[in-house]
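Please view the sequence and the structure together while reading.

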Amino acid sequence: MAMTDFAPRFVSPAQLETALREDGYAVLSPQGVADWLGKPLAQLDALHPDWNGLPPDDYLKDGGRYRQRRHACFTVDGHELQQVPHRAHWQPVEYNALHGGMQRWFAPMEAATVVQPVWQQLMRSLAEAASALRGPQAWFVEAHQFRIDTAGGIGRPTPEGAHRDGVDLVAVALVGRHNVKGGETRVFEAAGRRGERFTMTEPWSLLLLDDARVIHESTPIQPLAEGEGGWRDTLVVTCRAHSFQGDET
């Protein structure tokens, strides 16, 4: 980690609900995530090879070819987790000025990924965190596997810039990074001046965000050494009450 990088301020699983309520965001360490899920960290690490075969994101409007992804949707009601039929990802332009207002049909996540017990526990635990913020209810969950690479010299994790997602809870897990610099996470109050920045470097560090209170972005990545490629892998999961985005329209 470069000397100019700021490490995230980790909270313990016991502090998670309070931090989300008071600050609008919280970051768990990899071991904190394992303890929170009640699963060995090795089970999360075993998911990472799935990121090696992500297909290209063909919807980038900036002309880039630096993003690969898969997508899956679920409902979580109490302990009951169900994957729903594959569907398009949709956001209004109010939340995504670059890619909003269009149905984006990404490749579905691999069946072998979503049946893993650690994956299913992660979905349930994130829904529980959303219920702690908004009250117990059914949650409509979207999961996105991302790989951002530097094959073109630069990769943009959030080409839309600082944004909200139009949901209740956003979770961003760093799954891994290789031979890159940058990728700093920035979190700002949506209705204030306070902001923080840090760089997640440890695989399975997990950022949780109250989407109503904060906006967020990640800065571009570049290769550490010129002529050598690199990548940054993340998992982004959103929880939304009542319906998936776009169902109302």
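Which residue stands opposite Glu-80 in S4? That residue is Asp-77. The pair belongs to the antiparallel pairing of strand S3 (residues 67–77) with S4, which extends over four bridges. The model is a predicted one. Its chain holds five helices and 13 strands. The radius of gyration is 17 Å, close to the 18 Å that the globule rule gives for 249 residues, so the chain is as compact as a globular protein of that length.

**Overall dimensions and burial**

- Taken along the principal axes, the box filled by the C-alpha atoms is roughly 50 × 40 × 35 Å.
- Of the 249 residues in the chain, 52% count as buried.
- The accessible surface of the chain is about 11,200 Å², and carbon and sulfur atoms account for 50% of this area.
- When contacts between residues at least 6 apart in sequence are considered, 76% of them join residues at least 24 apart.

**The eight-stranded sheet**

- Eight strands make up an open sheet with mixed pairing, and their order is S1-S2-S10-S6-S13-S5-S3-S4.
- Strand S1 (10–11) and strand S4 (80–83) are at the edges; each has a single partner strand, so one side of each is left without a neighbour in the sheet.
- S13 pairs with S5 in the antiparallel sense over 11 bridges, and Thr-234 in S13 is the bridge partner of Phe-146.
- S13 also pairs with S6 in the antiparallel sense, over nine bridges; here Cys-239 in S13 is the bridge partner of Leu-169.
- Because 10 of the 11 residues of S13 are buried, this strand is largely enclosed by the rest of the structure.

**Helices against the strands**

- Helix H1 (residues 16–23) lies across S1, strand S2 (25–28), strand S6 (169–178) and strand S10 (205–210). The angle between H1 and S2 is about 145°.
- Helix H5 (residues 117–134) lies across S3, S4, strand S5 (139–149), S6, S10 and strand S13 (231–241). H5 runs at about 50° to S13.

**The S8–S11 pair**

- Strand S8 (residues 185–189) and S11 run antiparallel and are joined by five bridges.
- Within this pair, Thr-185 stands opposite Ser-218 in S11.
- Strand S11 (residues 214–218) is mostly covered, with four of its five residues buried.

**Nonpolar cores**

- In soluble globular proteins, nonpolar side chains tend to be buried together.
- The largest nonpolar core in this model comprises 42 residues, and those with the most contacts inside it are Trp-36, Leu-126, Leu-208 and Leu-235.
- H5 gives the most to this core, contributing nine residues.
- Another core, of 14 residues, lies apart from the largest one; among its members are Phe-146, Leu-174, Val-187 and Met-200.
- With residues up to four places away in sequence not counted, Leu-235 touches a set of residues including Trp-51, Trp-119, Leu-122, Ala-143, Ala-171, Val-172, Ala-173, Val-175 and Trp-204. The contacts of Leu-235 also include His-144 and Gln-145.

**Backbone and loop residues**

- Most residues other than glycine have a negative phi.
- Trp-204 has a positive phi, near 75°. This residue is in the loop between strand S9 (195–198) and S10.
- Buried means under 20% relative accessible area; Trp-204, at 2% relative accessibility, therefore counts as buried.
- His-242 also has a positive phi, near 80°, and is found in the segment after S13.
- At 70% relative accessibility, His-242 counts as exposed.
- Thr-201 is in the loop between S9 and S10, and at 31% relative accessibility this residue counts as partly exposed.
- Thr-201 and Val-175 are 26 residues apart along the chain, and their C-alpha atoms are separated by 9.1 Å.

Technical notes
Residues numbered from 1 in each chain as written. Heavy atoms only, no water. Pairing = 2+ DSSP bridges. Helix = DSSP H or I, 4+ residues; strand = E, 2+ residues; numbered from the N terminus. Contact = heavy atoms within 4.5 Å. Axes fitted to C-alpha atoms, helices over the stretch in contact; angles between N-to-C directions. Buried < 20%, exposed > 50% of the residue type's maximum accessible area, 1.4 Å probe, protein only. Rg over C-alpha atoms; globule rule 2.2 N^0.38 Å. Areas by Shrake-Rupley, 256 points an atom, 1.4 Å probe, with all protein chains shown as cover. Core = buried A, V, L, I, M, F, W, Y, C linked by side-chain atoms within 4.5 Å.
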